[in-house]
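My entries follow the display below.

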Amino acid sequence: MSTSVELAGRLRAKFPGLISAPAEFRGEITVQVSDPEAIAEVCAYAKKELGFDYLVDITSVDHCGEDPRFTVVYHLYGYGHLCPLRLKLRVGEEKGELPTVTSVWRTADWHEREIYDMMGIRFRGHPDLRRIIMWEGYPYFPLRKDFPLAGKPTSLPEVAFTEPAPLAGGPFVTIAGGKDTIAREPRARIPETDELRKQAANAK
Amino acid sequence: MIETRDIQFGEAAGRAAEAARALAAAAPAAGQLEDLPSEKMVLNMGPSHPSTHGVLRIVLELDGETITKAAPDVGYLHRGDEKIAENMTYSQFVPYTDRLDYLSPLANNVAYALAVEKLLGIDHQLPPRCQFIRVVCCELARISSHLLGLGSYAMDVGAMTVFLHTFTEREKIYNLCESLTGARFTTSYTRIGGLSRDLPPGWIDQCRKFCREVVVNIDETETFLTRNRIFVDRTQGVGVISREDAIDYGLSGPNLRGSGIEHDLRKAHPYLVYDQLEFEVPVGSAGDSYDRYLVRIEEMRQSVRLLEQCLDKMPAGPVNVQDGKIALPPKDRVLTRMEELIHHFINVTQGVNAPPGEVYFGHENPKGELGFYIHSKGGGTPHRLKIRSPSFVNLSILPKLLPGHTVSDVVAILGSFDFVMGECDR
């Protein structure tokens, strides 16, 4: 049985200069791919020759303020050898694009749509790159670090609230009646200057 | 006095036969039928439809009753769990994991706690009692989830009784959950480095009683369905997934094993104490909806086996790691000793101090592989927490699987997938 380190070594031997030395953390093996343009080729080789027939997950990390800004993370697994391997690559914000791996594993389809939806990274050659979780026409990428937790107003109407309910309030409770999500989000408010709370108190 | 008289069937039967003959004579030949111009119809199934189990929406393109194209639309239950996780400490996120797969919250709690503990490097230092209790939690959750999955599946294809029958048993699991965690539904049982509380007195005996009763219930459920002509006709040969497709589309859990791939994370990469316990991994042969049903039935029996072994072997000892920097120290010491008070204060206000790094932990949840990928830059909150939810990945095969089936088969296929939208949309 081969191990993740050996498989990473074979991947490195096939693509010299492109794949970094395998790094280990908590028993997991990670390799960096230096050129995002080569990811489809690397993955096709990993699947065909190294037996990584199962793509567990693709995800992305936003390092806001750094350059390149995003990391895309691929979790590979093989049913033949039961070894996992993690591939990572960096994508810059201006370009924000890399080739798709849907032709290698079809499960990549929804994962890549989700990354596009949440982070705004585009996958070139994807058969159907639409938003998947947010609705069509949503203007932001919510998992980016510069997107506030409380959300931003959109063209869709806000949830209809009437007036603060009896006993409404508390530091962690969303107060009804705010004009948008930012006003209602409890962690975004400063209690002393909270207009809603004052209004509720005055009404009583 | 009521007069009775016999109904004459002979005449009616004769009329029907004659009508059928006349119809056959008047019908055009088969070739002509195929040439009839037909218009494709778009049918919107969901997001609020009883068989879509939550808020899944599928846009179906139909030719007559046959599906030619299917486009699932997910996201109606999106709550931004991953964004929320980036804004709170590791411990604070535990209640949010209850709301992922809300039919098996105990298993989600365990999966999340194990992922964070892997990041902290303490996943092999958990006290034995904690590990055994966590296995008990996972297997109870599996039985609970499969009981609901089977009940609602049977109801979708027309058998109401099964649902009521399995729910009487699920009620007992809820009672066990209530005495174990204090909550029936949103359990939030695990803590980073342990559990929120130890087993209550007498709980093991209650659980043993449940194990004896649930086996009977599973057998009875099988008599309702396994050889039921209607159920077999609706599910056998429907929604067949080949081995290659199952792997290519990233299926996991019973849906993967239904297609004949013997892969279970509890066996392949044992965590907790699964390597000390005996159980089998059931697999299907044909990969159709009926096989996925059979796999779930057998998995419940294996879970009962695991439960009984755990209850027999349940060791004594603490349920939390004895490190005040990770798990909260006991309350009586917090109130009397300085060091414990500091640990408590730091742990509650700042959270567990995790090292920089990244881990992925995949857990064999009732629905499939629930994975947490945690990217940490150090400190008490994750920089990024990605939830790899089995339902999301399993549903991605629908555009490939549904075309060629009829609309009534959609219900049978969706039921056999046993997905939960809370987990799919996160």
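Which residue in β3(B) is the bridge partner of Leu62(B)? I looked this up in the model, which is predicted, and found Ile67(B) as the partner of Leu62(B) in β3(B).

Entry on β2(B) and its partners. I noted that seven bridges link β2(B) with strand β3 of chain B, residues 66–73, and that the two run antiparallel. In their hairpin, two residues lie between the strands, and I recorded a positive phi near 70° for Gly64(B). I then turned to strand β1 of chain B, residues 41–45. This strand pairs with β2(B), residues 57–63, through five bridges, in the antiparallel sense. Here I found Leu62(B) in β2(B) opposite Met41(B).

I traced an open sheet of three strands in chain B, ordered β6-β7-β8, with antiparallel pairing. I identified β6 (354–365) and β8 (384–388) of chain B as the edge strands, each pairing on one side only. From one strand to the next, I noted an average twist of 5°. Between β6(B) and strand β7 of chain B, residues 368–379, I recorded 11 bridges in the antiparallel sense. Within this pair, Pro356(B) stands opposite Lys377(B) of β7(B).

Entry on the helix at this sheet. Which strands does helix α5 of chain B touch? I found that this helix, residues 105–120, packs on the sheet and touches β6 and β7 of chain B. The direction of α5 makes about 150° with that of β6(B).

Notes:
Residues numbered from 1 in each chain as written. Chains lettered and ligands numbered in written order. Predicted model: local features only at pLDDT ≥ 70, side-chain atom pairs only at ≥ 80, totals over all residues. Pairing = 2+ DSSP bridges. Helix = DSSP H or I, 4+ residues; strand = E, 2+ residues; numbered from the N terminus. Axes fitted to C-alpha atoms, helices over the stretch in contact; angles between N-to-C directions. Contact = placed C-beta atoms within 7 Å.
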